[in-house]
Amino acid sequence: MSQERVIESHGLTKQFGDNLAVNGLDLSITQGTIYGFLGPNGCGKSTAIRMLTGLLEPTSGAVTLFGQPIKHHEESLKQRIGYMTQKFSLYDNLTVLENLRFVASIYGLGRQQRKARIQELIQLYELGALTKQLAGAMSGGQKQRLALACATLHQPELLFLDEPTSAVDPENRRDFWEHLFDLSDQGTTILVSTHYMDEAERCHALAILENGHKRADGTPQQLMNDMPATVFETQGPQLRQLKQQLVSHPEILSAAQVGTRLRVLVNKTCAQPATLLHTLGAEYCFDEVRPSLEDVFVANTGGRHVG
Ligand SMILES: Nc1ncnc2c1ncn2[C@@H]1O[C@H](COP(=O)(O)OP(=O)(O)OP(=O)(O)O)[C@@H](O)[C@H]1O
């Protein structure tokens, strides 16, 4: 992967009235990376993306794309950026082919180039049988493939995807990610927002966002290594009561049931987590286990959103 910095932001902030939607966001994302924004609804993912694309003016802070400040270079940068919005900005009353032709005309592709590129995308995103279908009548997975084809029509070097898989089933989500890895392999840098843990785990690197703040960032492995909690699991009777008993202790960040097991996060500030658990639930046996990205998320947001 090249070390060219494609996205850089410093102190990126957006205030809507009293609401600080994005607060001092610093980013440094290199070429070919698939970078995730992971966070719950309303944490500022879309607002951050809109500022990074140049569509929304920040209250303060700066964005540099491909080493160029975004301010005053919006037009030249537009050709290098693709953006798939949360609501798939397709025209429902146009067919698949008409949507593709319309987007091609926006990007000013010549007739021959347009024809060849549209054919290429129809094949790549398996839209061949659907060219005459109205976009409004397509399934979630089909719409998503068309939206990705439209967003990449002009072969952007940088692609922003705002919760691209919220309306599709797991199989389509898997296929979609295969396409993203193909694009990344060809050098495209991708910033994708999600609130799905499994999706975030596929990213090369990610930022955990909460209430407009970046709580942590790094590769999924780095985040797991550095997380501010130790993870334990236990099994046995009356796990609901045990959970209540555990979470009342200030060093227990979270206790959440997963099937027949209770998963417990103990703050790293606790020097003897196994001893603490033994004291709180003497009749249970607690095993230390490998953290997951969901644990990382919970530990970095103080257990306020999951569990
Ligand atoms: N144009 C706007 N005017 C006022 N407030 C806004 C505007 N856009 C977003 N907000 C507020 O900013 C905060 C962040 O919203 P944002 O849409 O960026 O979050 P998100 O993480 O993308 O969530 P979601 O997935 O629900 O869109 C929210 O409190 C939202 O209500």
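I started at H72, which sits in the loop between strand 5 (68-69) and helix 2 (74-78). I'm working with a predicted model here. I looked up the backbone angle of H72 and found phi near 75 degrees, a positive value in a residue other than glycine. Is H72 buried or exposed? I counted 9 other C-beta atoms within 10 Å, so H72 is exposed.

I went looking for another case and landed on Q238. Q238 isn't a glycine either, yet its phi is positive, about 50 degrees. Where is Q238 found? I traced Q238 to the loop between strand 11 and helix 9 (239-247). Q238 has 11 C-beta neighbours inside 10 Å, and since the cut-off for exposed is 12 or fewer, Q238 counts as exposed.

Next I zoomed out to the chain. The domain assignment gives me domain 1 (5-223) and domain 2 (228-290). I checked how far apart their C-alpha centres lie and got 39 Å.

Then I turned to helix 10 (residues 273-280). Which of its residues are buried? I noted P273, L276 and L277. They sit on the same side of helix 10, because they cover an arc of only 95 degrees around the axis. I remind myself that an α-helix has 3.6 residues a turn, so residues three or four places apart point the same way. On the other side of helix 10 I found T275 and T279, both exposed. I also wanted to know what covers the buried residues of helix 10, and the cover includes strand 11 (229-235) and strand 13 (261-267). Strand 11 was already in my notes, as one end of the loop that holds Q238.

Last stop was the ligand. Which residues are around it? My list reads F16, N19, A21, G39, N41, G42, C43, G44, K45, S46, T47 and E163. Strand 2 (19-30) and helix 1 (45-53) are the elements that give two or more residues to this shell. Helix 1 has the largest share, with 3 residues. How do the shell residues divide by type? I sorted them into 3 nonpolar, 7 polar and 2 charged.

How values were computed:
Residues numbered from 1 in each chain as written. Predicted model: local features only at pLDDT ≥ 70, side-chain atom pairs only at ≥ 80, totals over all residues. Near = placed C-beta within 6 Å. Helix = DSSP H or I, 4+ residues; strand = E, 2+ residues; numbered from the N terminus. Nonpolar A, V, L, I, M, F, W, Y, C, P; charged D, E, K, R; others polar. Domains from an automatic or database assignment. Buried ≥ 20, exposed ≤ 12 C-beta atoms within 10 Å, placed from the backbone. Arc of directions from axis to C-beta. Contact = placed C-beta atoms within 7 Å.
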